[in-house]
Amino acid sequence: MEGFDLFIISTGIILYALISGKADKKSFTGPIAFTVFGLVVGAGLLDLIDIPIHNEVLNTLAEITLVVTLFCDAARIDVTKLSREHNLPIKLLALGLPMTMALGAAVAWGIFPEIGIGAALLIGIALAPTDAALGQAVVSNKAVPQRIRQALNVESGLNDGLAYPALLIAVSVAIATSEARGASAWVAFVAAQVVLGPLVGIIVGGVGGWLAEKSAASGAMNEAFSQIIVLGLALASYSGAEMVGGNGFLAAFAAGLMIARRAKHIVREATQFGEAEGQLLGLIVFIVFGAVLVPDAFRNGMDWRIWPYAILSLTVIRMGPVAVSLLGSGLKPNTVAFIGWFGPRGLASILYVLLLLEESEITMDGIIVQTVFATVILSIVAHGLTAVPFARAYAASTSGDAEEESKQVHSFAHKSTKKRAQS
């Protein structure tokens, strides 16, 4: 990344920071602002930013962003509370997520039969994770029942980590097929990725979290390094897993889960780190998305079938599995529809594509990339613009008479002195 590229990106961050408070109230969300800014300064209009797609800096940015996202999201989840009282996110993750992947793949194969089941699976999996940042007004609106806000928040926090193993296996199958790799070699490769990765994460998160907690409790660690160690633990788990043939992203997620169980002080710092540094990394990805990825993906036009799929992805493919997974939960139909609609596609889907471009032979202007990007673009606009009015309308419709919706639940962030907007 050249100095001028960095200057343009930094300028965009500064400009949005100056109006961020008012922008949020007007549904001009960060992802909308940064994607539009990227489109304006990038190859789509002014052509001020020139970053090659297959660029080491871009790949590193994608990797670090996903590592930090997975680690911090996992670290702030109290699994004991999840199993005890939060049945909604459990249903959304255990039932809704795999059904969304399967339905997304089936519809993709039906609309694009020429791409084959392998590519259809990649589309379905890449577009399954949700991104709460695109509907921030929903999870931060105190008028919306806490149980519903936290169901959406926890779902988006965990589904990217849970979807990644499925994406990894789908890519492995595609690679094994293209390289005529034997079944035993493929099984060994996948096993190493999905077993060694989490194992390294458990060790790094368990030992590192224990040491960090002891150091913080004794006063040996100063306040500044309480947040710096969060990045160190995330990157150590990632790099350690890669060194032994495991998957680094699964390691980062597993390390975060261990931190959530063993290091409450570090959890508080991970929460704050994820809200600041993690969010900054994510917004930079949205700038690159608008400036570089979108213009390059659609430089030669696009198949008309992509937009119908994008619409189905945000509606039927998401809302159908959500409705099925929430059967028997006692929620009102408008609540089920509300949860189903607010499943925005954003950061995780973009990062998955960047990793696919690095690890596989898919092309930037092919159907897989274009379909994922078109869906994300549609989601950025549709969910960003509807978050505030839909949250207000839903909150008004559930005030006072919704027993299941208004059931009180604990916050998922560990006992932190800093209250999250989503709590």
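How much space lies in the second largest pocket? About 330 Å³, with volume taken as the space filled by probe spheres set on grid points joined across faces, edges and corners. Before you start clicking, note that this is a predicted model, where local features need pLDDT of at least 70, side-chain atom pairs count only at pLDDT 80 or more, and totals for chains, interfaces and linings use all residues. Residues are numbered from 1 along each chain as its sequence is written, and side-chain values use heavy atoms, leaving out hydrogens and water.

**Stop one: the pocket.** Select Tyr-164, Leu-168, Gln-193, Asn-247 and Glu-359, which lie nearest the pocket's centre among its 17 lining residues. (On a 1 Å grid over the protein atoms alone, a pocket is an open set of points where a 1.4 Å probe fits, with protein on both sides within 12 Å along at least five of seven lines; lining residues have an atom within 4 Å of a point.) Now colour α8 (146-178), one of the helices that each supply at least two lining residues; α8 gives the largest share, six. Helices here are DSSP runs of H or I, at least four residues, numbered from the N terminus.

**Stop two: a salt bridge.** Pick Arg-305 and Glu-114, whose side chains meet at 2.6 Å, N to O. (A salt bridge puts a side-chain nitrogen of Lys or Arg within 4 Å of a carboxyl oxygen of Asp or Glu.) The two sit 191 residues apart, Arg-305 in the loop between α12 and α13, Glu-114 in the loop between α5 and α6. The structure holds five salt bridges.

**Stop three: two helices.** Select 306-314 (α13) and 316-325 (α14), which pack at about 25° with axes 3 Å apart. That makes them roughly parallel, a label for angles under 35 degrees; axes are lines fitted to C-alpha atoms over the stretch in contact, with angles running from 0 to 180 degrees between N-to-C directions.

**Last stop: Asp-47.** Look in the loop between α2 and α3. Asp-47 has a positive phi, near 60°, and is not a glycine.

Key
Angles under 35 degrees count as roughly parallel, over 145 as roughly antiparallel, 65 to 115 as roughly perpendicular and the rest as oblique.
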